[in-house]
Structures are given as structure tokens and as C-alpha cells.
Amino acid sequence: MNANFEGNADKVIAAMREAVENALEECGLQAEKYAKKLAPVDTGRLRNSIAGLGFAFFTEMEYSGKQP
């Protein structure tokens, strides 16, 4: 009896990598939503300037430091 096995390790690794990237992107989007929700609002410029790139968030507003 002969048995032939086909390796699918490359496909499994690629699928896992894609799943992890999708999950991290979704986490980043949720974190951006939380950051915007927690931002103090006077004119809304700070909140609207918050942008995420993965888990790095930034704004160019000069008063964007931690508020008391």
C-alpha cells in the first residue's frame, strides 16, 4: 500500500498570517474609536484629527498632550 501526502504548511501559514493581520487591524480600529471617544471636545478638532495606523495613533494638534 502506497500513501501520498501533500504538504499544506505554506497555505496554513499564509491563512494564519492573514487572520492575525485582520484581527490586529480590527483591534486598531476599535482603539482609534476609544481614543476619539475619550478625547476632550471643545471644537472637535482634536477628536477629528486622531488617526490610527495599526496601533500607532497620532494627531498634529499642538494641545494633544495628556489633559489634566
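Which residues form a negative surface patch?

A: The structure is a predicted model, in which local features need pLDDT of at least 70, side-chain atom pairs count only at pLDDT 80 or more, and totals for chains, interfaces and linings use all residues. Residues are numbered from 1 along each chain as its sequence is written, and side-chain values use heavy atoms, with hydrogens and water left out.

The negative surface patch is formed by E18, E21, E25 and E26. Patches are made of residues with over 30% relative accessible area and no salt bridge; like charges are joined within 9 Å, and nonpolar side chains (Val, Leu, Ile, Met, Phe, Trp, Tyr) within 5 Å. Asp and Glu count as negative and Lys and Arg as positive, while His and the chain ends are not counted. The place of a charge is taken as CD of Glu, CG of Asp, NZ of Lys or CZ of Arg. Accessible areas come from the Shrake-Rupley method with a 1.4 Å probe, and for residues only the protein chains shown count as cover.

Helices (H or I, at least four residues) and strands (E, at least two) are DSSP runs, numbered from the N terminus. E25 is exposed, with a relative accessible area of 51%. Exposed means over 50% relative accessible area, buried under 20%, and partly exposed in between (1.4 Å probe, protein chains only).

Another glutamate, E32, is also found in helix α1, but E32 is buried, at 16% relative accessibility. E32 forms a salt bridge with K36, the closest N and O atoms being 3.4 Å apart. A salt bridge is a side-chain nitrogen of Lys or Arg within 4 Å of a carboxyl oxygen of Asp or Glu, and by this rule the count comes to one. K36 and E32 are separated by about one helical turn because they are four residues apart in helix α1. K36 is partly exposed, with a relative accessible area of 27%.

In the loop between α1 and α2 (45-49) is A39, which is buried at 11% relative accessible area. The C-alpha atoms of A39 and I50 are separated by 8.9 Å, the two residues being eleven apart along the chain.

For the chain as a whole, the secondary structure comes to two helices and two strands, in the pattern α-α-β-β. Buried residues make up 10% of its 68 residues. Mean pLDDT, the predictor's confidence in each residue from 0 to 100, is 80 for the chain, and 75% of residues reach 70 or more. Confidence is highest in α1, at a mean of 89, and lowest in strand β2 (residues 56-58), at 64.
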